[in-house]
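Have a look at the sequence and the fold before reading on.

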Amino acid sequence: MVVLVPELSFLTGLSDLQKNSRTVKEVMWEMMQSPRKHYMRLTSLLQQIRDSPEASQELERWGLHLDTNICRTQGHILPLERINLRHRSFFPEEDLSWHREVTKEVSISAISMNSWLLVYPKRLQQLAKDLLAAMRSTCGAMGMQVGQPTVQELRDERIESYVKSIRSGLGSQEKVQLLVCITPRNRDDVYGAIKKLCCVQDPVPSQVINAQSLMGHPGKIRSVVQKILLQINCKLGGQLWGVDIPL
């Protein structure tokens, strides 16, 4: 039993219910504020503290004084870095994203998936087929090749079933490049068991995919699969992009 002191414990992250609602968008909207809005919020807070007798007295008791004039300094705008792929180079957009380019161009070094294991519950059979089809249709643009996997279909979704099936699959082949597992929902216990097995007991690169992330309109699924392939390429030793670093 692990006993936690409530006063020393803090909840981190969001629950699954909150992740599926507008909460995530609202949190991101609050976090991704422009410098000007950050400045306005901070000056407003300082003004409220100064106008509050209770807050001012508390600060004086501590021997603290907060200046309402935020210190200004000269800022510098750095030039954009050139992103290099295998056959072309480009400058990122103003939001510093280059997902579109790296999913439509060949990476500097791309590793093909020739010997890999796919594990999923039986009720997610169609989703697994859709995932494989999406991987094959999008991998070519990135310079990757996705071969036919060895499939392990689970009768249930228990942790023991995942572990037993993975061990069986890894033991039946001489060399497995990658293990791909589809889980029905975001379960930390299943994820932890899979990662412990693949990182400690039978070392092999692994990719755990939450089935909910693959559900939706085709455009969303394609985008998710592209990001998964980028992660897999890195885990197999590939290199996605580079920048010029002068001496």
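## What you're looking at

This is a predicted model, where local features need pLDDT of at least 70, side-chain atom pairs count only at pLDDT 80 or more, and totals for chains, interfaces and linings use all residues. Residues are numbered from 1 along each chain as its sequence is written, and side-chain values use heavy atoms, with hydrogens and water left out.

## Two domains

The chain splits into domain 1 (23–69) and domain 2 (99–243), with bounds that come from an automatic or database domain assignment. Taken over C-alpha atoms, the centres of the two domains are 45 Å apart.

## Helix 9 and its cover

Helices here are DSSP runs of H or I with at least four residues, strands are runs of E with at least two, and both are numbered from the N terminus. Helix 9 (residues 218–235) has 18 residues and spans 26 Å from first C-alpha to last, close to the 26 Å expected at 1.5 Å a residue; that expected span is 1.5 Å times one less than the number of residues. After helix 9 comes Gly237, with a positive phi near 105°.

Which residues of helix 9 are buried? They are Val225, Gln226, Ile228, Leu229, Leu230, Ile232 and Asn233. Buried means under 20% relative accessible area, exposed means over 50%, and partly exposed is in between (1.4 Å probe, protein chains only). Their cover includes helix 5 (99–104), helix 6 (125–139), strand 5 (178–183) and strand 6 (206–210).

Gln226, in helix 9, counts as buried because its relative accessibility is 9%. Leaving aside neighbours within four places in sequence, Gln226 is in contact (heavy atoms within 4.5 Å) with His99, Thr103, Thr138 and Met142.

Thr183 sits in strand 5 and is buried, at 6% relative accessibility. Not counting residues up to four places away in sequence, Thr183 touches residues including Leu124, Tyr162, Val190 and Ile194. Ala110 lies in the loop between helix 5 and strand 3 (116–121) and is buried at 18%.

## A partly exposed valine

Val27 belongs to helix 2 (residues 23–31). Is Val27 buried or partly exposed? Val27 is partly exposed, because its relative accessible area is 34%.
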